[in-house]
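Keep the structure open as you read the points.

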Amino acid sequence: MKNSAALILLLVLGFGGAIWLSRWIENRRGRSASQLDAEQLYVSGPAAKRLTFAFNGLAADWYWMRSLQYVGRKVIDYEDNSAGQFDLNDLSKLDLNLLSPLLNVTTTLDPQFIPAYQYGAVILPELNSDAAISLLEKGIAANPSSWILYHHLGYIYWQRREYDKASDVYATGAKIAGAPGWMAAMSARMKADRGARDVAREIYHRLSESSNDKTVKEMVAKHLMRLDWLDDRDVIQASIKNYHSRFGHCPSAWSDLVASLHGTRIRIDETNGWPVDPSVMPYRLINGGCDIDLDEHSTVPR
Amino acid sequence: MLTRTAAIAGNTFREAVRDRVLYNLVLFALLIIAGAIFLGELSAGQEAKIIVDLGLSAMLLFGVFIAIFIGVALVYKEIERRTLYAILAKPIGRGQFLLGKYLGLSLTLVVNVIIMGLGVSIALLYIRRGWDPLVARVWPAILLIYAELLIVTAVALLFSSFSSPALSSLLTFFVFVIGHFSADLKSLGASSASMPTRWLFSALYYLLPNLTNYSLITPAAHGVTPDARSLAASLAYAVFYVAALLASASLIFRRRNFK
């Protein structure tokens with residue numbers, strides 16, 4: 001009995017001590033690791049593929065989840081350090097230099113992993129559009145029958161304002177069996193309307209439809225909100241111009257414009273009659289009422 | 001003759017069950033359940049692919065461990081316990097004894113693989129909240145994993161017919177690893193300028209099992225199934241290869257002196 005009690009005590013002390021030491025080492029390591037700019041990838045894609053032989057799909061999943069966590073961790077670190085919400089449309093604030101190699105390893109291990117290419121196509125262009133293009137071209141080489149990758153590659157070229165190239169990519173993708181009809185239409189619109197807002201809106205809608213990823217959907221939603229804000233601004237600025245031409249000065253308050261904004265695309269807050277942006281924050285009249293801007297608390301990207 | 005072989009196979013299966021070999025299914029079940037519950041959060045909508053990768057990889061890994069560690073001990077345990085003498089004193093040939101042992105372990109593996117396959121299918125049904133074509137499409141890959149395990153078991157049995165369990169485990173593991181690099185063996189041979197080196201690599205390429213034929217876990221996770229011809233060819237390859245290995249093991253085992 002006495003012996004058992006001593007053993008149980010030793011067991012508790014042993015585990016307790018090990019857990020305490022493990023936490024202490026972790027905390028120490030955490031502090032020193034934060035001094036390093038970023039963790040390194042020790043294994044290249046082809047090397048990882050050889051090392052994992054029959055288990056390359058599982059290894060690809062591991063690298064995929066690591067890629068997602070890498071971005072997630074960077075967002076959390078940014079929010080902790082800058083005490084504010086991170087805007088997914090400003091990824092350049094995050095130092096995501098490992099994302100491209102991580103996605104490259106993922107897609108080398110599993111070249112048919114389409115969501116990894118899609119994720120790279122949406123996130124990478126803001127950081128390094130060349131890396132995004134090379135990832136997508138690799139994906140197209142491995143999956144020549146996947147029209148969705150052409151859609152994403154076209155989107156990257158469109159973002160780079162290389163409208164002719166974007167149009168060619170959409171046209172090539174449209175020829176693939178099973179490609180939806182809007183791919184060919186998009187190719188034509190890229191050539192004709194180039195950087196027009198309606199083209200942007202359609203691209204973002206298609207991107208959102210084709211992805212299951214929450215981050216991608218959130219990012220696209222922000223892009224769409226920005227397009228809505230730009231459209232709203234055009235309507236309100238036209239209304240201000242009209243007011244100015246009638247009265248010879250800019251409106252002093254929203255109440256001066258409300259009547260002219262009714263029946264337009266602008267949403268009006270019924271409680272105070274102010275127009276609101278896509279994040280339902282009121283717009284601000286600036287420059288003596290001659291222009292408008294977003295509220296400082298608005299979540300619409302500028 | 002068949003009844004005697006079946007009796008040895010049945011005993012080998014019962015022994016494996018008594019040795020709690022099938023307890024690995026508990027670990028597998030925990031892995032799949034945890035995967036099905038937690039992967040949704042981590043994988044950004046890719047939980048079905050990851051469940052298939054995880055489930056089939058675990059099936060192969062657990063199966064290979066069983067094939068190696070149980071396979072190498074099949075003959076050795078009988079010699080160690082001296083039960084082999086009692087068996088061979090009966091009208092049972094040494095080849096028959098080996099075949100019975102092999103079939104017994106193959107039966108253990110088939111039970112293991114079927115239960116694990118059902119586990120993966122149930123996890124997929126849970127994730128998709130109903131029927132998904134992927135549930136059916138993983139089964140050809142499961143069949144090929146089983147064929148690969150049959151080859152690994154035969155390799156283990158061959159080594160155990162003349163070597164110690166430790167060495168047999170090591171050699172079988174090497175064959176399993178090299179079997180997944182057989183394409184490299186061929187390309188190494190082709191890129192060599194020296195004729196003997198070419199022959200050596202060609203010989204190794206054809207003598208060692210080409211296990212890349214059975215690596216269809218990654219395509220299965222994308223719902224891609226092999227065409228009927230390549231599936232049949234891979235299964236036929238396994239039958240021929242296993243037959244050759246069992247014949248070699250019998251030839252060696254017949255010449256062994258147990259006095």
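1. Start with Asn143(A). Asn143(A) touches Pro111(A), Gln112(A), Ile114(A), Tyr117(A) and Leu149(A), leaving aside residues up to four places away in sequence. Touching, or contact, means heavy atoms within 4.5 Å. Asn143(A) is found in the loop between helix H6 (129-142) and H7 of chain A. Is Asn143(A) buried or exposed? Asn143(A) is buried, with a relative accessible area of 9%. The cut-offs are these: buried is under 20% relative accessible area, exposed is over 50%, and partly exposed is in between (1.4 Å probe, protein chains only). Helices are DSSP runs (H or I, at least four residues), numbered from the N terminus.

2. A word on the basis. This is a predicted model, where local features need pLDDT of at least 70, side-chain atom pairs count only at pLDDT 80 or more, and totals for chains, interfaces and linings use all residues. Residues are numbered from 1 along each chain as its sequence is written, chains are lettered from A and ligands numbered from 1 in the order in which they are written, and side-chain values use heavy atoms, with hydrogens and water left out.

3. Now another loop. Arg161(A) is found between H7 and helix H8 (163-174) of chain A. Arg161(A) counts as exposed, at 62% relative accessibility. Arg161(A) and Val220(A) are 59 residues apart along the chain. Their C-alpha atoms are separated by 18 Å.

4. Next, the aromatic rings. The whole structure has 16 aromatic pairs over all chains. Rings of Phe, Tyr and Trp (its six-membered ring) pair if their centres lie within 6.5 Å; planes under 30 degrees apart count as stacked, over 60 as edge-to-face and the rest as tilted. Tyr155(A) and Trp158(A) form a stacked pair, 6.2 Å centre to centre with 25° between the planes. They are separated by about one helical turn, because they sit three residues apart in helix H7 (residues 147-159) of chain A. An α-helix has 3.6 residues a turn, so residues three or four places apart point the same way. Tyr155(A) is buried at 1% relative accessibility. Trp158(A) is buried too, at 9%.

5. Compare a pair in chain B. Phe159(B) and Phe162(B) are edge-to-face: 6.1 Å centre to centre, 70° between the planes. Phe159(B) counts as buried, at 14% relative accessibility. Phe162(B) is partly exposed, at 43%. Back in chain A, Trp64(A), Phe113(A) and Tyr119(A) form one aromatic cluster.

6. On to charges. Asp231(A) and Arg201(A) form one, at 2.2 Å from N to O. Asp231(A) lies in helix H11 (residues 214-247) and Arg201(A) in helix H10 (residues 197-210) of chain A, 30 residues apart. Both residues are buried. Arg284(A) and Asp293(A) form another, at 3.5 Å. Arg284(A) is partly exposed at 36%, whereas Asp293(A) is buried at 17%.

7. Look at helix H4 (residues 73-80) of chain B. Its buried residues are Ala73(B), Leu74(B), Val75(B), Glu78(B) and Ile79(B). Among the elements that cover them are helix H1 (2-18) and helix H3 (47-71) of chain B. Just after H4(B), Arg82(B) takes a positive phi of about 65°.

8. The side chains of Glu15(B) and Lys77(B) meet at 3.3 Å, N to O. Glu15(B) lies in helix H1 and Lys77(B) in helix H4 of chain B, so the pair ties together parts 62 residues apart in sequence. Glu15(B) is buried at 14%, and Lys77(B) is partly exposed at 24%. A network of salt bridges links Glu15(B), Asp19(B), Lys77(B), Glu78(B), Arg81(B) and Lys101(B).

9. Last, the two chains together. In contact are 17 residues of chain A and 21 residues of chain B. Two salt bridges are counted between the chains. In one, Asp61(A) pairs with Lys49(B), the closest N and O atoms being 2.8 Å apart. Helix H3 (residues 56-82) of chain A gives the largest share of the side of chain A that touches chain B, eight residues.

How values were computed
Salt bridge = Lys/Arg side-chain N within 4 Å of Asp/Glu carboxyl O. Helix = DSSP H or I, 4+ residues; strand = E, 2+ residues; numbered from the N terminus.
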